[in-house]
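Please open the structure in your viewer and keep the sequence beside it. The tour goes from one selection to the next, with a short account of what is there at each stop.

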Amino acid sequence: MTNQQARLIGTAIALVGGGVAVNAENLDINVGITIILITGALFIA
């Protein structure tokens with residue numbers, strides 16, 4: 001597995017984690033949105 005593939009898988013897992021964080025009742029919605037935005041930026045870069 002190359003470095004690029006590992007980064008892609010890690011970013012996809014983090015995006016799913018952000019989606020879960022948005023739907024969690026105990027967390028503020030801004031936390032999940034922040035996670036999604038940061039991992040989205042990493043995915044593009």
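Begin by selecting Thr39, which counts as buried at 8% relative accessibility, where buried means under 20% relative accessible area, exposed means over 50%, and partly exposed lies in between, with a 1.4 Å probe and protein chains only. This is a predicted model, in which local features need pLDDT of at least 70 and side-chain atom pairs count only at pLDDT 80 or more, while totals for chains, interfaces and linings use all residues. Residues are numbered from 1 along each chain as its sequence is written, and side-chain values use heavy atoms, with hydrogens and water left out.

Thr39 is found in helix 2, where helices are DSSP runs of H or I with at least four residues, strands are runs of E with at least two, and both are numbered from the N terminus. With its neighbours within four places in sequence left aside, Thr39 is in contact with Thr11, Ala14 and Leu15; contact here means heavy atoms within 4.5 Å.

**Across to Thr11**

Select Thr11 next, whose place is in helix 1. Is Thr11 buried or exposed? At 9% relative accessibility, Thr11 counts as buried. If residues up to four places away in sequence are not counted, Thr11 touches Thr39, Leu42 and Phe43.

**Along helix 1**

Now select residues 3-23, which form helix 1. Helix 1 has 21 residues and reaches 31 Å from its first C-alpha to its last, close to the 30 Å expected at 1.5 Å a residue, the expected span being 1.5 Å times one less than the number of residues.

Which residues of helix 1 are buried? Colour Thr11, Gly18 and Ala21, which are the buried residues of helix 1. They cover an arc of only 75 degrees around the axis, which puts them on the same side of helix 1; the arc is that of the directions from the helix axis to the C-beta atoms. As a general point, an α-helix has 3.6 residues a turn, so residues three or four places apart point the same way.

Draw a distance from Ile13 to Thr39, where the tour began: their C-alpha atoms are separated by 9.3 Å, although the two residues are 26 residues apart along the chain.

A salt bridge is a side-chain nitrogen of Lys or Arg within 4 Å of a carboxyl oxygen of Asp or Glu, and accessible areas come from the Shrake-Rupley method with a 1.4 Å probe, for which only the protein chains shown count as cover for residues.

Ile9 also lies in helix 1 and is partly exposed, with a relative accessible area of 42%. The C-alpha atoms of Ile9 and Ile36, 27 residues apart along the chain, are separated by 15 Å.

**Gly17, then the whole view**

Select Gly17, found in helix 1, which counts as partly exposed at 33% relative accessibility. Gly17 and Gly32 are 15 residues apart in sequence and 8.1 Å apart in space, C-alpha to C-alpha.

Finally, show the whole protein, which has two helices and zero strands. Its C-alpha trace spans about 35 × 15 × 10 Å along its principal axes. Buried residues make up 11% of the 45 residues in the protein, and the protein exposes about 3,500 Å², of which carbon and sulfur atoms supply 68%.
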